[in-house]
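Open the model in your viewer and keep the selection tool at hand.

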Amino acid sequence: MMIAKDTFVKINKWALIVAIFAYLIGVFSPLKYLQPGLLFVFFAGFLCLLNKDYLAPKPRAAAHLWMMPVVVTIFTAVSPLTGGNGNPLLFLVTLLCGLIPCIMLVTGSSEVKMPKRPRLKIIVVRTIVQSSVFVIWASVTSYAFIKGTRPDLLFWAAFHVSTVSIFPVFFGRVLCSWVCPNATLQDGLLKNMTYKRPIKLHKAIEAQSSSCAMNISGKADARAPLFPATLLLAWFPVFFAETIFDLTQATWWPMVFIYGLMFFSILMPWRKLCTYFCFLSSYRGINCHNSLWRIRYNRSQCKQCKVCSAEKVCPFFIDIRNQDNEMPGTCCLCFSCMEACPFEGVITFKRNPAEKARLTLEAKTGIIEAKPEETKAA
Amino acid sequence: MAEIADKRYTTPLAKWSRLLEIFIPGYMFGKAWGIANEHTVDLYRVIFPSFLINIAEYMKTLVDISSPSLARFYATSAGALVGFGGIFILGLVMHFVLGDRKYIDSLRFTSITLIPLAVMHGTLTQVTNTIFESLGGGETIEMLTKAAVDSPRSQINMFCVFYMLALWMMAKRTGVSGKRRWFVLLTGVGFLVAYFAMGLGITTMEAAEILPKMMAAQGQH
């Protein structure tokens, strides 16, 4: 079977969708049973979709990933530890979820060409971290609902303290692309779905992503609004309600919010919820406005080819060409822009010598070189 | 160039952003002072400056509310009002130190840079609640005293460093000149010194005094 890129996406996408439904039925229905293999379906599915450009040309490599859920499902069915306890229908669904993509990919061949640029190692690491954290989150959440205890509180406590208080100061909104389960769902699955999104955002809301100081690096006007108003508003009601109604110990409270966020992500275009309405993203965004380490944008090297245009590449719709010499505080360090850029040395980990020289000259003379967008506007 | 720079930040929701940038961090900064209940208020008095807790507690006595949710709403609002008062005063000092913008923008600067301390207040509230819940958990008074002193101390130290960073970076970001930036930092240090002098943080002596009393009170309940 010839596997085009679309077919590759469809195979992984549908396996994931079926697995998500099986997960929801197993955890939230009176069945209260989760096939461990489903968690590996999530891992394989997300990893394949997050690396689709690089795995679609090699369907057999992807098939190896899909063997994991199959092996785990069979092992849990025959293992004396769990044997005979599971629901046969869920077992069958889980087995098929892993087996069908595995067979289709292992017997298939592809004419899709590998992208010219090799995948950045940091992105490979990111996608593995993303998929693994999603699996951890799904397993602790299912455990909480099946057993009626709250081990997921530990997950949320670690997640919350590190993402809100510590990481943003050093690495900005890094957790919004590396850890958040909702981000993984959006990047892996929802970005690859082409249905018509029922919620369309007002222009005034979308305008914020290019007109708040948090989205633009370099010196900001003293009167400039720093944060998007909708993000500030998203932050407030959640923590306000938590205090007023004393919900810190309520079992359903964090669940309602993460599942609520996931539900609304389905209704909106890719990552719009993260950019304008997510209370966690907001909390991190607010604490990261002065983050210390950022990706460097070497403007003097930029060829203005617009390949890195915000709507396609950046999860937070940052207009890279509008930046001064680094990414702004709102950057989530996903490195997608770095990979998208076809030229060497434009988007880098370190500032390059030419850019350093430009900045030193600007600091000495006080004459600031206009950005391409500003030159065009003038 | 200046016009272009201004246009970059013009958005239909900019006014709302500016308003919320004062209101939301201000609320988060102050609400912790009003959130104490009859069981935890003494602990709050030693962790936070006692007079701030007393003002919020006095405001809470002015209105008698039977609904617990409404009472909590009023309590956090009372704390938030005290917080806004603090921000307005610090904003005034910052306005003279910055000297390059309108008072409302100095207030935004003050409020936004106080976010690390607002987060610190949130974590201190959690620490206080955890200590209160541990009182009847069979732990010794020495262990509780150690936890009550060490945990807030490390939180306070960390967030004070983050506050200094926020002041420096925010001043740099909004074009405050090098010399003035040091004054901004000094103002921040002055504020922290004043805050510590008023009674932020809990000492071993205070903890050793308050915890047995709370433990005894809880035993009576």
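**Stop 1: a helix pair.** Start with α11(A) and α14(A): α11(A) passes α14(A) in a left-handed crossing. This is a predicted model, so read every value here as computed from it. To find the two helices, select 229-244 for α11 and 279-287 for α14. Turn the view until both axes are clear. They come within 8 Å and cross at roughly 110°. That angle makes α11(A) roughly perpendicular to α14(A), because 65 to 115 degrees counts as such.

Now show side chains where the helices meet. On α11(A), pick A:Leu231, A:Leu232, A:Ala234, A:Trp235 and A:Val238. On α14(A), their partners are A:Phe279, A:Ser282, A:Tyr283, A:Gly285 and A:Ile286. Colour this set by class. You get 8 nonpolar residues, 2 polar and no charged.

**Stop 2: the side facing chain B.** Bring chain B into view. Here 36 residues of chain A are in contact with 37 residues of chain B. Which elements of chain A give two or more residues to this side? Select α7 (152-171), α11, α14 and α18 (372-377). Both helices from the previous stop, α11 and α14, are on that list. The largest share comes from α11(A), with 7 residues. Colour by class again. The chain A side has 25 nonpolar, 6 polar and 5 charged residues.

**Stop 3: a loop residue.** Hide chain B and select A:Arg294. It sits in the loop between α14 (279-287) and β1 (296-297) of chain A. Is A:Arg294 buried or exposed? A:Arg294 is buried, because 20 other C-beta atoms lie within 10 Å, and 20 or more is the cut-off for a buried residue.

Next, display its contacts beyond the neighbours within four places in sequence. A:Arg294 is in contact with A:Gly172, A:Glu326, A:Met327 and A:Cys331. Then draw a distance from A:Arg294 to A:Ser209. The two are 85 residues apart in sequence and 18 Å apart in space, C-alpha to C-alpha.

**Stop 4: the whole chain.** Zoom out to chain A in cartoon. It has 18 helices and 2 strands. Colour by burial: buried residues make up 43% of the 378 residues.

Methods
Residues numbered from 1 in each chain as written. Chains lettered and ligands numbered in written order. Predicted model: local features only at pLDDT ≥ 70, side-chain atom pairs only at ≥ 80, totals over all residues. Helix = DSSP H or I, 4+ residues; strand = E, 2+ residues; numbered from the N terminus. Buried ≥ 20, exposed ≤ 12 C-beta atoms within 10 Å, placed from the backbone. Contact = placed C-beta atoms within 7 Å. Nonpolar A, V, L, I, M, F, W, Y, C, P; charged D, E, K, R; others polar. Axes fitted to C-alpha atoms, helices over the stretch in contact; angles between N-to-C directions. Parallel < 35°, antiparallel > 145°, perpendicular 65-115°, else oblique. Left-handed = near helix turned anticlockwise from the far one by under 90°.
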